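I opened this entry to look up cores, sheet pairing and charged contacts. My notes follow in the order I took them.

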Amino acid sequence: MKILLLEDEVMLNESIVEYLSAMGHSIFSYYDGDSALKAASKKIFDLLILDINVPGTDGFSLLENLHENKIQTPAIYISALVDIEDISRAFDLGCYDYLKKPFHLRELSIRIEKLMNTHSETNVHIKLSRHYSFDSQSSTLLFDNIPQILTKRQSQMISLLAKNRGRVVDFELFRSYVWDEAIIDNATIRAEVNRLKKVLKEEIIQNIRSMGYMIDIPHYI
């Protein structure tokens, strides 16, 4: 999993990074909320692990901001706050889990494993239109459940759009996810998206002028 970690305590931050990296996860760690919010807004993550009382934007405000911008990445809070009001607010914001400090790193990994299992069971097939769907487990575009042949780059673009269904994917996200942050101009991205649209049997990709592209949520879902 690609995980964003927000934890201002240096030793704990480093311990979590080391432990989860050894388990095969890719960890992007931050010590202040402003940097974490900027990263979470521009890059695609599978999970957010958030402390609450951190410099800059606090963990609650960070998740609120992301949800206001239709970024629904699963989140686990790790915090020394133990008041029921704080815990209740965390779940009201839509977090997946809440770990009270201090905790064992194995406990954190167990919560992550549970999330992975739950997420894979409920979000394997993402409906894109009446005929198109996306298998997130195999990263395959399906038309009436028949796998479609795409180039590697086209598959990456569909994956990015499908995982952000209902949200505008801007050019920076395309550069980050598809081109690994290479210096690619917007015209090149537009050309690649247009090539992809030409091989599709339905017009599922919308051009959002001056912003980017999106696949909307089908109205009948």
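I began with Leu128. Beyond residues up to four places away in sequence, Leu128 touches Ser133, Phe134, Leu141, Ala162, Arg165, Ile204, Ile215, Asp216 and Pro218. Contact here means heavy atoms within 4.5 Å. This is a predicted model: local features need pLDDT of at least 70, side-chain atom pairs count only at pLDDT 80 or more, and totals for chains, interfaces and linings use all residues. Residues are numbered from 1 along each chain as its sequence is written, and side-chain values use heavy atoms, with hydrogens and water left out.

**Cores**

I looked up the largest nonpolar core next. It has 27 residues, and Leu128, Phe174 and Ile205 have the most contacts inside it. A nonpolar core is a set of buried Ala, Val, Leu, Ile, Met, Phe, Trp, Tyr and Cys residues joined through side-chain atoms within 4.5 Å. Buried means under 20% relative accessible area, exposed over 50%, partly exposed in between (1.4 Å probe, protein chains only). At least two residues of this core come from each of β7, β8, α6, α7 (171-177) and α8 (186-199). These labels are DSSP runs numbered from the N terminus: helices are H or I with at least four residues, strands E with at least two. Helix α6 gives the largest share, 5 residues. I then noted a second, separate core of 24 residues, with Tyr30, Ala39, Leu50 and Leu93 among them. In soluble globular proteins, nonpolar side chains tend to be buried together.

**Sheet**

In what order do the 4 strands of the open sheet run? I read β6-β7-β8-β9, with antiparallel pairing. Two strands pair if DSSP finds at least two bridges between them. The edges are β6 (125-127) and β9 (146-147); each has a single partner strand, so one side of each lacks a neighbour in the sheet. Helix α6 (residues 152-163) packs on the sheet and touches β6, β7 (132-135) and β8. The direction of α6 makes about 100 degrees with that of β7. For such angles, axes are lines fitted to C-alpha atoms, for helices over the stretch in contact, and values run from 0 to 180 degrees between N-to-C directions. I also checked β8 (residues 140-143), which pairs with β9 in the antiparallel sense over 2 bridges. There, Phe143 stands opposite Ile146 in β9.

**Charged contacts**

I found 8 salt bridges in the structure. A salt bridge is a side-chain nitrogen of Lys or Arg within 4 Å of a carboxyl oxygen of Asp or Glu. One of them joins the side chains of Glu7 and Lys101 at 2.8 Å, N to O. This pair links distant parts of the chain, 94 residues apart: Glu7 is in the loop between β1 (2-6) and α1 (10-22), Lys101 in the loop between β5 (97-100) and α5 (105-122). Is Glu7 buried or exposed? Glu7 counts as buried, at 0% relative accessibility.

Another bridge joins Glu64 and Arg89 at 3.6 Å, N to O. Glu64 lies in helix α3 and Arg89 in helix α4 (residues 84-92), so the pair ties together parts 25 residues apart in sequence. Glu64 is partly exposed at 29%; Arg89 is partly exposed at 35%.

A further bridge joins Glu113 and Arg106 at 3.2 Å, N to O. Glu113 is partly exposed at 30%, and Arg106 is partly exposed at 38%. Bridges that share partners join Glu7, Asp51 and Lys101 into one network.

I followed Asp51 into the loop between β3 (47-50) and α3 (59-68). Asp51 counts as buried, at 4% relative accessibility. Its side chain makes a polar contact with the side chain of Lys101 at 3.1 Å. A polar contact is a pair of N or O atoms within 3.5 Å; within protein, one must be able to donate a hydrogen and the other to accept it, and residues adjacent in sequence count only if both atoms are side-chain atoms.

**Tyr77**

My last entry is Tyr77, in strand β4 (residues 75-79). Tyr77 is buried, with a relative accessible area of 0%. Its side chain reaches the backbone oxygen of Gly59 at 2.9 Å. Tyr77 and Leu141 are 33 Å apart in space, C-alpha to C-alpha, and 64 residues apart in sequence.
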